[in-house]
Amino acid sequence: MKKFLNYLKKNPMVAISLIFIIICFLCAIFAPIVAPYGYNQTDYSSPFSSPSLKHIFGTDQLSRDVFSRMIFALRISLFVGIVPTTINLFLGAIIGTISGLSNKWVDSFLMRFADLGLSFPFMILAMAIIYNLGSGIKSMIFALVIFGWTYTSRIVRAQTKFIKNYPYIDACSIMEVPMRKMIFKHILPNMRSTLLVLYTMSIPQAILSEAGLSFLGFGVQPPLTSLGVMVSNGRSFLFRAPWLSIAPGILILLISLSFNFLGDGLRDFYGLGGEL
């Protein structure tokens, strides 16, 4: 941890990104305390109010404070970013290691299935799934998970092929160590740096996917909202009240950049031989 703190001191962009991500999570967790106004609080007295000290990012057509709604919307956006990514990382790591340790036929079957998932255009597949299952968080998470593990499994398989040539893996095979124990105690711990970087780099992809689906009308439905839904709802008033779409859009951009900078920083840190 000390090495990582020293690395952050030498790389302020990574440090700023990490701090911004932490702030976003804290705001999402403590939204009722942080938000100056209620989630749907409205008085109909100041619709489309421009940004001011009273309303930092203005108000919408129902006089609701945009900044307060953005804080609550962070909950959905971060939830959709974290949960599918965690599931995909777990599935991809397990399938990738099994593929890398198995014989030619099992390996080929699993990787051809992964290739099938990688060949599908994500947005079209996701819209088809959500259209048939109905809009909502569960449908969106299912759409993000169904083939979201394929990229991770490819990378983990390649790492497993390399690690299994180590002498201690041969010793485990000779001692007939069960595959489950070999995976969780000997292989995955040796690629934790790769998994951590993959995790941080995949979260913004999930957030952007949620924003894209919500913008097209396939996201969460009222009374819930997300940053993507706010961007979509604001496009009808883009010339009258541009802040309705610009403010949440910029927040999506900052979150994505922060996770990407953090992922790049972790990759460089581990490349220099660092250890958390």
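Which side chain meets Asp115 in a salt bridge with an N to O distance of 2.7 Å? That would be the side chain of Arg154. Asp115 sits in helix H5 and Arg154 in helix H8, so this pair ties together parts that are 39 residues apart in sequence. Keep in mind as you look around that this is a predicted model. Here's a quick tour, starting with the charged pairs and then moving on to the helices.

- The structure holds seven salt bridges, and the one between Asp115 and Arg154 is among them.
- Arg154 has a relative accessible area of 26%, which makes this residue partly exposed.
- Asp115 is partly exposed too, at 27% relative accessibility.
- Lys161 and Asp107 make another salt bridge, with their closest N and O atoms 3.5 Å apart.
- Lys161 belongs to helix H8 (residues 150-163) and Asp107 to helix H5 (residues 104-119), so here the parts tied together are 54 residues apart in sequence.
- The two partners sit on either side of the 20% cut-off for being buried: Asp107 counts as buried at 8% relative accessibility, while Lys161 is partly exposed at 28%.
- Asp107 and Lys161 also belong to a network with Arg157, joined by salt bridges that share partners.

- An α-helix has 3.6 residues a turn, so residues three or four places apart point the same way.
- Arg112 counts as partly exposed, with 45% relative accessibility.

**How H4 and H7 pack**

- Helix H4 (residues 66-101) and helix H7 (residues 137-145) have axes that come within 9 Å and cross at roughly 40°.
- Their crossing is right-handed.
- On the H4 side, the contact includes Ile76, Phe79, Val80 and Asn88; on the H7 side, Ile137, Met140, Ile141, Leu144 and Val145 take part.
- Sorted by type, the residues of this contact come out as twelve nonpolar, one polar and no charged.

**A look at H2**

- Helix H2 (residues 12-29) has 18 residues, which at 1.5 Å a residue should span 26 Å.

Methods
Residues numbered from 1 in each chain as written. Predicted model: local features only at pLDDT ≥ 70, side-chain atom pairs only at ≥ 80, totals over all residues. Heavy atoms only, no water. Axes fitted to C-alpha atoms, helices over the stretch in contact; angles between N-to-C directions. Helix = DSSP H or I, 4+ residues; strand = E, 2+ residues; numbered from the N terminus. Left-handed = near helix turned anticlockwise from the far one by under 90°. Contact = heavy atoms within 4.5 Å. Nonpolar A, V, L, I, M, F, W, Y, C, P; charged D, E, K, R; others polar. Expected span 1.5 Å × (residues − 1). Salt bridge = Lys/Arg side-chain N within 4 Å of Asp/Glu carboxyl O. Buried < 20%, exposed > 50% of the residue type's maximum accessible area, 1.4 Å probe, protein only.
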